[in-house]
Amino acid sequence: MRVRRVGSAELHARVDALAELLVDTVEGGASIGFLAPLDRQAALAWWRERAEGVAAGRLAVWVAEDDGNRVLGTVGLDFPDKPNSGHRAELVKLMVHRDARGRGLGRTLLAAAEESAASTGVTLLHLDTETDSPAERFYDAAGWTRIGAIPDYAAAPDGVLRPTSIYYKRVGSTPPTC
């Protein structure tokens, strides 16, 4: 298994596999911004839109593949466009195919994003995830700090409003002072 960052052209080339991963993740009950059932065409369109952000440098995307080049997982870093925010990024859409769970792939993807962020001068990462979900336990175990929850923040794939927990993690060197 290998994890690597992909550019805009490759993201376009892998859009079918990424859409399949997105559909599988939503069908598996993960609250990642979509309602079930997720239409394949909607998943394809969503990933095609992400390629624009990758091309512009606002989004970094990693894919995890098996030896047959099947996409088993992905994660992204979303970089803000505000002048006072160059030191931080949001961790987005960490997904692992249900067939590949339990093998450490999520930790490998997370580590790749954290290490890349630190190597580019990002010192603070943040994310949100569904409260009381397996993802929350995952981020707790990975050393992220939960700072609170927002009630009724987003609908889970089944349409029920659920709270979300906000997390952060410092990476890299000490943040600069302003």
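This is a predicted model: local features need pLDDT of at least 70, side-chain atom pairs count only at pLDDT 80 or more; totals for chains, interfaces and linings use all residues.
A search of the whole structure identified twelve salt bridges. In one of these, Arg 14 is paired with Glu 65, with a separation of 2.3 Å between the closest N and O atoms. Because Arg 14 is located in the loop between helix H1 (8-13) and helix H2 (15-27), whereas Glu 65 belongs to strand S2 (residues 59-65), this pair ties together parts that are 51 residues apart in sequence. Both partners fall under the 20% limit for burial: Arg 14 is buried, with a relative accessibility of 16%, and Glu 65 is likewise buried, at 0%.

A further salt bridge is formed between the side chains of Asp 16 and Arg 40, for which the N to O distance is 3.3 Å. Here the linked parts of the chain are again distant, with Asp 16 in helix H2 and Arg 40 in helix H3 (residues 40-56), 24 residues apart. Asp 16 is partly exposed, at a relative accessible area of 42%, and Arg 40 is also partly exposed, at 37%.

Helix H2 also contributes Glu 27 to a pair with Arg 98, in which the closest N and O atoms lie 3.4 Å apart. Arg 98 is situated in the loop between strand S4 (88-96) and helix H4 (105-119), and the two residues are separated by 71 residues; the relative accessible area of Arg 98 is 37%, so this residue counts as partly exposed.

Beyond individual pairs, salt bridges with shared partners connect Arg 2, Arg 4, Glu 10, Arg 14 and Glu 65 into one network.

Notes. Residues are numbered from 1 along each chain as its sequence is written. Side-chain values use heavy atoms; hydrogens and water are left out. A salt bridge is a side-chain nitrogen of Lys or Arg within 4 Å of a carboxyl oxygen of Asp or Glu. Helices (H or I, at least four residues) and strands (E, at least two) are DSSP runs, numbered from the N terminus. Buried means under 20% relative accessible area, exposed over 50%, partly exposed in between (1.4 Å probe, protein chains only).
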